[in-house]
Each structure stands twice: as structure tokens, then as C-alpha cells.
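Please walk through this model with attention to how charged side chains pair and how nonpolar ones gather.

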Amino acid sequence: MIKTAKLYRMVTDEHICPYGIKSKDLLKRKGYDVEDHHLKTREEADAFMKNQDVKTTPQTYIDENRIAVMMIWLSILTRIPLSRKVRHISRSLLSLQRRF
């Protein structure tokens with residue numbers, strides 16, 4: 001089964017989001033086929049963020065669940081597969097936050 005992730009990131013003539021580049025690279029290294037959606041203007045990005053009720057880009061969706069960039073990094077550090085339910089990653093994130 002092919003693992004697919006949807007990535008929404010800012011890519012304009014003046015700016016390419018560095019976190020979007022890193023997210024895409026991490027997803028590909030984890031074996032995901034990335035549907036890369038470019039937000040080409042500030043207005044397009046603002047509309048996306050308002051529609052999805054988020055404050056920043058990039059945003060990643062796996063199995064129709066929004067996965068924060070922090071969760072992608074956390075999955076690499078803890079070796080939890082991204083395909084698991086978000087609650088498992090969230091539990092690990094809470095555990096990590098308690099340590100600091």
C-alpha cells in the first residue's frame with residue numbers, strides 16, 4: 001500500500017518556505033508519496049489558513065488527519081511511524097513536554 005501525505009506550503013516568486021522544504025524531504029525519506037500543494041500568494045495562504053483554522057504553514061495531512069511539523073520531527077526522534085493514529089504521537093509529545 002502506498003503511503004500518501006498532502007503538504008500545503010508557501011511557494012511564491014519571492015519566498016519558498018524552508019519548513020515546507022524540510023517537511024517534504026522528511027516525508028519522502030519516510031516513504032510517503034507527497035501531494036505537494038503550493039500556496040502561491042499571501043492571499044491564497046491566508047484563505048487556506050482561515051479555512052483550515054490554522055495559524056501557520058506548512059500543514060501536512062496523512063489519512064485526512066492534520067499532522068503538525070513538530071509531530072513529524074517527533075516521529076523521527078521516537079521512531080513512531082507517521083501512519084499511526086495522531087493520538088499516539090500526541091501522547092509522545094505530551095511525555096516529551098513533561099521532561100522539559
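Aspartate 25 is partly exposed, with a relative accessible area of 38%, where buried means under 20% relative accessible area, exposed over 50% and partly exposed in between, for a 1.4 Å probe and protein chains only. The model is a predicted one, in which local features need pLDDT of at least 70 and side-chain atom pairs count only at pLDDT 80 or more, whereas totals for chains, interfaces and linings use all residues. Residues are numbered from 1 along each chain as its sequence is written, and side-chain values use heavy atoms, with hydrogens and water left out.

The side chain of aspartate 25 meets that of arginine 29 in a salt bridge at 3.0 Å, N to O, the term standing for a side-chain nitrogen of Lys or Arg within 4 Å of a carboxyl oxygen of Asp or Glu. Both residues lie in helix H1, four residues apart, about one turn of the helix; helices (H or I, at least four residues) and strands (E, at least two) are DSSP runs numbered from the N terminus. Arginine 29 is exposed, at a relative accessible area of 61%.

A further salt bridge joins the side chains of lysine 24 and aspartate 36 at 3.2 Å, N to O. This pair links distant parts of the chain, with lysine 24 in helix H1 (residues 18–29) and aspartate 36 in strand E2 (residues 32–39), twelve residues apart. Lysine 24 is partly exposed at 24%, and aspartate 36 is likewise partly exposed at 23%.

The structure holds five salt bridges, and one of them lies between the side chains of lysine 6 and glutamate 64, at 3.7 Å, N to O. Here too distant parts of the chain are linked: lysine 6 belongs to strand E1 (residues 3–10), while glutamate 64 sits in the loop between strand E3 (59–62) and strand E4 (65–67), 58 residues apart. Lysine 6 is partly exposed at 26%, whereas glutamate 64 counts as exposed at 64%.

From charged pairs we turn to nonpolar residues. The largest nonpolar core has nine residues in all, including Tyr8, Met10, Leu39, Phe48 and Tyr61; such a core is a set of buried Ala, Val, Leu, Ile, Met, Phe, Trp, Tyr and Cys residues joined through side-chain atoms within 4.5 Å. E1 and helix H2 (42–52) each supply at least two residues of this core, and H2 gives the most, with three residues. Apart from this core lies another, of seven residues, among them Leu7, Leu27, Val34 and Ile67.
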